[in-house]
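Please consult the sequence and the model while reading.

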Amino acid sequence: MLKTAIGWHVELEFEEDNHRTRAAALVRLPDGSEVRSHGYASRHPADANQPRVGEEVAGARALNELAMKLLTKAHDEIDEASGRTSYPLSP
């Protein structure tokens, strides 16, 4: 018997100035909760202005933080359901 596939949509938004890029990530989970994270990238003054590179670095850092928050959330839910402290989940 096949189960219904569930999809998650992750949103990324960027804010940039001449030397810094900020990324904000958001995922809405099927239970209605949201997990948010941020990532940053700074351009060295000697480097060429490449906004897409700043977005990639800041976005990757935001997604990495999002992944860690999701692992922590899952770990906490395992502990809550089992009534004991489980081994930490690692990336």
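The report covers the strands, the helix, the salt bridges and a surface patch.

**Basis of the model**

The model is predicted, so local features need pLDDT of at least 70 and side-chain atom pairs count only at pLDDT 80 or more, while totals for chains, interfaces and linings use all residues. Residues are numbered from 1 along each chain as its sequence is written, and side-chain values use heavy atoms, with hydrogens and water left out.

**The sheet**

Helices (H or I, at least four residues) and strands (E, at least two) are DSSP runs, numbered from the N terminus. Two strands are said to pair if DSSP finds at least two bridges between them. Three strands form an open sheet in the order β1-β2-β3, and their pairing is antiparallel. Strands β1 and β3 (34-42) are the edges, each pairing on one side only. On average, neighbouring strands of the sheet are turned by 15° against each other, direction ignored. Axes here are lines fitted to C-alpha atoms, for helices over the stretch in contact, and angles run from 0 to 180 degrees between N-to-C directions.

Strand β2 (residues 20-28) pairs with β3 in the antiparallel sense over nine bridges.

Contact means heavy atoms within 4.5 Å. His75 lies in helix α1. Is His75 buried or exposed? His75 counts as buried, at 14% relative accessibility. The classes are buried (under 20% relative accessible area), exposed (over 50%) and partly exposed (in between), with a 1.4 Å probe and protein chains only. Leaving aside neighbours within four places in sequence, His75 is in contact with Ser86, Tyr87, Pro88 and Leu89.

**Salt bridges**

A salt bridge is a side-chain nitrogen of Lys or Arg within 4 Å of a carboxyl oxygen of Asp or Glu. The structure holds seven salt bridges, including those in the table.

| Salt bridge | N to O distance |
|---|---|
| Glu11 and Arg28 | 2.7 Å |
| Lys73 and Asp31 | 3.6 Å |
| Arg36 and Glu34 | 2.8 Å |

Glu11 and Arg28 form a salt bridge. This pair links distant parts of the chain, with Glu11 in strand β1 and Arg28 in strand β2, 17 residues apart. Glu11 is partly exposed at 36% relative accessibility, and Arg28 is likewise partly exposed at 44%.

A salt bridge also joins the side chains of Lys73 and Asp31. Lys73 lies in helix α1 and Asp31 in the loop between β2 and β3, so the pair ties together parts that are 42 residues apart in sequence. Lys73 is partly exposed, with a relative accessible area of 21%, whereas Asp31 counts as exposed at 55% relative accessibility.

In the salt bridge of Arg36 with Glu34, Arg36 is partly exposed at 48% relative accessibility and Glu34 is partly exposed at 38%. Glu11, Arg28, Glu34 and Arg36 are linked in a network of salt bridges.

**A nonpolar surface patch**

Patches are made of residues with over 30% relative accessible area and no salt bridge; like charges are joined within 9 Å, and nonpolar side chains (Val, Leu, Ile, Met, Phe, Trp, Tyr) within 5 Å. Accessible areas come from the Shrake-Rupley method with a 1.4 Å probe, and for residues only the protein chains shown count as cover. Which residues make the nonpolar surface patch? Val10, Leu12, Phe14 and Leu63 make this patch of about 300 Å². Strand β1 (residues 10-16) contributes the largest share, three residues. In a regular strand the side chains alternate between the two faces of the sheet. Val10 lies in strand β1 and is partly exposed, with a relative accessible area of 43%.
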